Amino acid sequence: MEAKFVGIDVSKARLDVDCLPVSTARQFSNDAGGIAALVQWLLGSGVERIVVEATGGYEIAVASALAAAGLPVVVVNPKRVRDFAKAQGVLAKSDRLDARVLALFGERIAPPVRALPQAAQRDLTELLDRRHQLVSMRAQEQARLATVLPVARGDVEQHIAWLDQRIRKHETVLLKRLRANEIWDAKVKLLDSVPGIGPVNLFTLVGVAPFNDDSGKRRGQRYIRGGRAEVRCALYMATLTAKRCNPVIAQMFERLIAKGKPFKVAMTACMRKLLTILNAILKSTQPWENRLAT
């Protein structure tokens, strides 16, 4: 097998694989036996990049196994791959074709190999996702109260109360997990010192970032990235509070509004400023009170 770049299209039951520069299409089952066979097939092949598309969690087992075997695996955002395929004029879609597109993406784009989240990080992210789901369900039920008939109102109200209870339970578990981990606890204390950062912001910001990015003697940066939806939402809510109680953000927001900037533009600029402050605090390990935040 001549495989420098490997693409793996993941589904619940199957792993469709193709390679470049010489196409070598294979199929493995997405279970312990199939993943072990795939790892064995790739070991010693001299592969430079293995690209796996994120598919709602079905990719975790195979990506973890490949990384544990020391193979250069990258999990990529599906939208990036779709955009790349369109740019290459590939409009058709099949599992085998998707695998070849992923291999081509690895060859042309060469996405950087980063360390995958460890089990504790994945568990925390899963709990965060579940909390987001519960909050979304509660918002939907609260919206129904405006139109629901009396015969069903009591049931909706009971469901909202139950969701409130489950959300509080998840927040308690999340905080305990953060406090029980020495590294996370240190980050919690640092970010908690910033005016405008509340408990829910802490869950999200510490829970999703930063992941380690280490290889050999290299030590990658640890930082919060604002491109993820949950981070943007957390930053937006934190900025709403910060523009009232955080002097740096409040002054910046008022200055932009005074210059005639629209609310959304001012908020976006303040979100970026707050993100910069948070990353600076994590990098310096100095809390807000000990910093000259300008």
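Me: How many helices and strands does the protein have?
Reply: Helices (H or I, at least four residues) and strands (E, at least two) are DSSP runs, numbered from the N terminus. This is a predicted model, in which local features need pLDDT of at least 70, side-chain atom pairs count only at pLDDT 80 or more, and totals for chains, interfaces and linings use all residues. Residues are numbered from 1 along each chain as its sequence is written, and side-chain values use heavy atoms, with hydrogens and water left out. The protein has 11 helices and 7 strands.

Me: What share of the 294 residues is buried?
Reply: Buried means under 20% relative accessible area, exposed over 50%, and partly exposed in between (1.4 Å probe, protein chains only). Of the 294 residues in the protein, the buried share is 39%.

Me: Which residue forms a salt bridge with arginine 138?
Reply: Arginine 138 is partly exposed, with a relative accessible area of 22%. The closest N and O atoms of the bridge are 2.9 Å apart, and the partner of arginine 138 is aspartate 164. This pair links distant parts of the chain, 26 residues apart, with arginine 138 in helix α5 (residues 119-144) and aspartate 164 in helix α6.

Me: Is aspartate 185 buried or exposed?
Reply: The side chains of aspartate 185 and arginine 179 meet in a salt bridge (2.8 Å, N to O). Salt bridges that share partners join Arg179, Asp185 and Lys189 into one network. Arginine 179 is partly exposed at 40% relative accessibility. At 14% relative accessibility, aspartate 185 counts as buried.

Me: Which helix gives the most to the positive patch?
Reply: Patches are made of residues with over 30% relative accessible area and no salt bridge; like charges are joined within 9 Å, nonpolar side chains (Val, Leu, Ile, Met, Phe, Trp, Tyr) within 5 Å. Arg130, Arg166, Lys169 and Lys176 form the positive surface patch. Lysine 176 is exposed, with a relative accessible area of 59%. With 3 residues, the element that gives the most is helix α6 (residues 150-180).

How values were computed: Accessible areas come from the Shrake-Rupley method with a 1.4 Å probe; for residues, only the protein chains shown count as cover. A salt bridge is a side-chain nitrogen of Lys or Arg within 4 Å of a carboxyl oxygen of Asp or Glu. Lys and Arg count as positive and Asp and Glu as negative; His and the chain ends are not counted. The place of a charge is taken as NZ of Lys, CZ of Arg, CG of Asp or CD of Glu.
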